[in-house]
Every structure is written in structure tokens, then in C-alpha cells.
Amino acid sequence: QVQLVESGGDLVQPGGSLRLSCAASGFTFSNYRMYWYRQAPGKEREWVARIGRLGISTNYADSVKGRFTVSRDNAKSTVYLQMNSLKEEDTAVYYCNAVSVATGTENYWGQGTQVTVSS
């Protein structure tokens, strides 16, 4: 059974930090590129960050570049999103997404974790 389980979301003050985790099971994690997306209330889901299957290649949305860092531990089948210098506009539900390198279409989603940035 394929599962992606996000955790680490919380209420944090502007300027604070959080680290999100996404634990994968039920598939060969190292064969998948991993993505983080977020969806704020009333807005469409947007892409945040991407990491290649070996953890070498990373890309970020302009809105988070320089503040967020994506990483992965293939031995633990887990991807992380370190979020620093958080802003109120970072408030959203954060989702991880796994995309097969082989097919490019087979993909899985987690259930999301809430991040709220507020004073």
C-alpha cells in the first residue's frame, strides 16, 4: 500500500522556521523525484520545490528561493522541507508528491500538513 505521510506543520510567528517531513512507503522511494506543493485558502495549489531522486538536483519557486531547502534521505524514504524566514504568505497546506522517474506519470500524493504563519 502506497503512502506519503507529511508531518511537521504548525503555527509559527513570522520570521520563524519549520521543518516538514514526508515519509514514504509502499514503493521504491529512490526511483521517484519528490516535490513539495502548497495550497493557501481560496487559491490554487502551487509548486514549491523539487528534488531529484539522488538528492543532487533541486529547484525552487521564486517565492521561496533562498528561504526554503528541500532534501531527502533515501535510506529513510523521507523527504524534508526546511523553511526559514517564514512569512504570513507562506500559510498553506503543504503536500508532498512523488513522481516516477521511469514513467513520469505515475505519481502519489500525501494528505497534507498545515503551516500557519501568524503573529
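1. Start with Tyr37, which stands opposite Trp47 in β5. Strand β4 (residues 32–39) and strand β5 (residues 46–51) run antiparallel and are joined by five bridges. On terms: strands are DSSP runs of E with at least two residues, numbered from the N terminus, and two strands pair if DSSP finds at least two bridges between them. β4 and β5 form a hairpin with six residues between them, and Gly42 in that turn has a positive phi of about 75°.

2. A word on what you're looking at: this is a predicted model, where local features need pLDDT of at least 70 and side-chain atom pairs count only at pLDDT 80 or more, while totals for chains, interfaces and linings use all residues. Residues are numbered from 1 along each chain as its sequence is written, and side-chain values use heavy atoms, with hydrogens and water left out.

3. Three bridges join β5 to β6, and the two run antiparallel. Across this pairing, Ala49 stands opposite Tyr60 in β6. β5 and β6 also form a hairpin with six residues between them; here Gly55 in the turn has a positive phi of about 80°.

4. Now the open sheet. Four strands line up in the order β1-β3-β8-β7, with antiparallel pairing. β1 (3–7) and β7 (68–73) are the edge strands, each pairing on one side only. Neighbouring strands in this sheet are turned by 15° against each other on average, direction ignored; that angle uses axes that are lines fitted to C-alpha atoms, with angles running from 0 to 180 degrees between N-to-C directions.

5. Take a look at β1. β1 pairs with strand β3 (residues 18–25) in the antiparallel sense over five bridges. Gln3 stands opposite Ser25 in β3, and Ser7 stands opposite Ser21 in β3. In a regular strand the side chains alternate between the two faces of the sheet. For β1, the covered face has Leu4 and Glu6, and the uncovered one has Gln3, Val5 and Ser7.

6. Next, the charges. How many salt bridges does a search of the whole structure find? There are four, counting a side-chain nitrogen of Lys or Arg within 4 Å of a carboxyl oxygen of Asp or Glu. One of them joins the side chains of Glu46 and Arg38, at 2.6 Å, N to O. Glu46 is partly exposed, with a relative accessible area of 35%, whereas Arg38 counts as buried at 5% relative accessibility (buried means under 20% relative accessible area, exposed over 50%, partly exposed in between, with a 1.4 Å probe and protein chains only).

7. Asp90 forms a salt bridge with Arg38, with the closest N and O atoms 2.9 Å apart. Asp90 lies in the loop between β8 (78–83) and β9 (92–100) and Arg38 in β4, so the pair ties together parts that are 52 residues apart in sequence. Asp90 also forms a salt bridge with Arg67, where the closest N and O atoms are 2.7 Å apart. Asp90 is buried at a relative accessible area of 0%, and Arg67 counts as buried at 10%. Through shared partners, salt bridges join Arg38, Glu46, Arg67 and Asp90 into one network.

8. On to the rings. The whole structure has five aromatic pairs, meaning rings of Phe, Tyr and Trp (its six-membered ring) with centres within 6.5 Å; planes under 30 degrees apart count as stacked, over 60 as edge-to-face and the rest as tilted. Phe27 and Tyr108 make a tilted pair, 5.1 Å centre to centre with 40° between the planes. Phe27 sits in the loop between β3 and β4 and Tyr108 in strand β10 (residues 107–109), so the pair ties together parts that are 81 residues apart in sequence. Tyr32 and Tyr108 have ring centres 5.8 Å apart and planes at 35°, so that pair is tilted too. Tyr32 lies in β4 and Tyr108 in β10, so parts that are 76 residues apart in sequence are tied together. Phe27 counts as buried at 14% relative accessibility, as does Tyr32 at 6%. Ring pairs link Phe27, Tyr32 and Tyr108 into a cluster.

9. Last, check Arg45. Arg45 lies over the face of Tyr95, at 3.8 Å from the ring centre. The charged end of Arg45 also sits over the ring of Trp109, 4.7 Å from its centre. The cut-off for a charge over a ring is NZ of Lys or CZ of Arg within 6 Å of the ring centre and within 35 degrees of the ring normal.
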